[in-house]
Amino acid sequence: MPMELVFLIGIAVLLILCIKVKANAFVALLVTGLIIGVLSGMSGSDTVEALTTGFSGTVKSIGIIIIFGIMLGNYLDAAKGTNRMALDAIRLVGQKRAGLAMAITGYIVSIPVFSDAAFVILTPLVKAINKKTRIPLAILAVSLSSGLLATHVYVPPTPGPLAAAGLLGIDIGEAILYGAFAAVFMTAFGWIFAELYFKKKPDSFYTFREGEVPEAVGDDADDTSGLPGTLASLLPLVVPILLIISKTTCDMLFPADSLVVTVTSFVGDSNIALALGAVLAIITLGRRMGGKKIIKVMDDTLKDAGPIVFITAAGGALGQVLKVSGAGDSLATMVINTGLPFILIPFVISGLLKVVQGSGTVAVTTAATLCAPIAASLGLNPILIFLASGAGARVCCHVNDSFFWVYTNCMGYDMKTGLKTLSISNIFMSIGGLVATFICSLWL
């Protein structure tokens, strides 16, 4: 059976299970992975192995990050630290520009910090600003996602663009310069779409997971009495980010066997940094909560984090099946043979890979690998491949992308609303990246 048809059947099964049957997303993702694996010609044992490998790999990479990220957020929320941050952010940029503030924040934070972890860290701030300003949650969440996902595919030292730059023989400084330029367009297109599209949507447009309801706006939203100080609220959030940035920076500047790298590799690891952030939250805000509240938040966090970790890992399992089955390579080869204008070939290859297997990093690096020889033979600047591949890698963020499940679970949305908000916005982000690629092509 053609791989293209296998993929379409799998996506149809997933949508039917989640939307019509209303099956749990965890079960639906695993069933879909099993069906795609078998239909693609993989043996039953190979399909199961791919599922378990993808599942365990995802848990290993972001499982602890999610748990401590949620714990940190819960402590900040319980001590009203998020309320303090919301008030400070609003005072800094103004209520009408809160969406833009989220986009800029995401753009900066995702350069050194993995986008999934960054979204978890910043979720309490998004919800607090939503509660304070009445700005629709989707505007703030999608604006933040726009910044996070733009620099994730464009700006080294993020792994995807760093690998693509190496494969294409591009100087890292040049990749950072052009990638940052393109990421501005991508972020702006996502933010503008969010501001225009979600501004007047009725509450009925958004649907939430069972048991989840949007927080009501409190009458005391402007009351600063009883709130912790700005420094005490920000330290648990800022310190983990700085530690992660220090690891990235030191890895680039110092020898791998140096003492500095040894230390920063430990404290700057995302798992350790977020754990330290949670501990720091207890230290700076613990007096406001009391011992019983601290323990209760810790227990509640494990209950909250469990479904998010398992659903996200199931998305990773599906992505692994799609990768092992060869569906991505099959679609990429088909596109090369279509005769598309060259600048669109890396865009389409990367876009298809992103849709099929979910990883923007894999999409960018694979498109760069496949198109590098063609660029060399035609004498084209490899920067254009770099930018077009990044634009394609943002064409869609859906059910096989771990960020999709982090986004929907952290916001409390069901899968349908995730598709109507985050997934649609990615189309416009991708267009922004393609526009930046075209602009650069005028002088490259």
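Hi everyone. Some ground rules before we look. This is a predicted model, in which local features need pLDDT of at least 70 and side-chain atom pairs count only at pLDDT 80 or more, while totals for chains, interfaces and linings use all residues. Residues are numbered from 1 along each chain as its sequence is written, and side-chain values use heavy atoms, with hydrogens and water left out.

Let's start inside. The largest nonpolar core has 119 residues. By nonpolar core I mean buried Ala, Val, Leu, Ile, Met, Phe, Trp, Tyr and Cys residues joined through side-chain atoms within 4.5 Å; buried is under 20% relative accessible area, exposed is over 50%, and partly exposed is in between, using a 1.4 Å probe and protein chains only. Phe 119, Tyr 154, Phe 198, Phe 386, Tyr 407 and Met 411 have the most contacts inside this core. Helix α7, residues 137-154, gives the core its largest share, 12 residues. Helices here are DSSP runs of H or I, at least four residues long, numbered from the N terminus.

Which residues does Tyr 154 touch? Leaving out residues up to four places away in sequence, they include Pro 161, Met 186, Phe 386, Leu 387, Gly 433 and Thr 437. Touching, or contact, means heavy atoms within 4.5 Å.

Now a loop. Arg 134 sits between α6 (115-133) and α7. Its phi is near 70°, a positive value in a residue other than glycine. Most residues other than glycine have a negative phi. Is Arg 134 buried or exposed? Arg 134 is exposed, at 63% relative accessible area.

Next, the helix pairs. The axes of α17 (residues 382-392) and α19 (residues 415-441) come within 8 Å and cross at roughly 170°. Axes are lines fitted to C-alpha atoms over the stretch in contact, with angles from 0 to 180 degrees between N-to-C directions. So α17 is roughly antiparallel to α19, a term for angles over 145 degrees. Their contact includes Leu 387 of α17 and Gly 433 and Thr 437 of α19, and Tyr 154 touches those three residues too.

Finally, the axes of α13 (residues 291-324) and α18 (residues 402-411) come within 8 Å and cross at roughly 155°. These two are therefore roughly antiparallel as well. Ile 308, Ile 311, Thr 312 and Gly 315 in α13 meet Ser 402, Trp 405, Val 406 and Asn 409 in α18.

Note on methods. Parallel < 35°, antiparallel > 145°, perpendicular 65-115°, else oblique.
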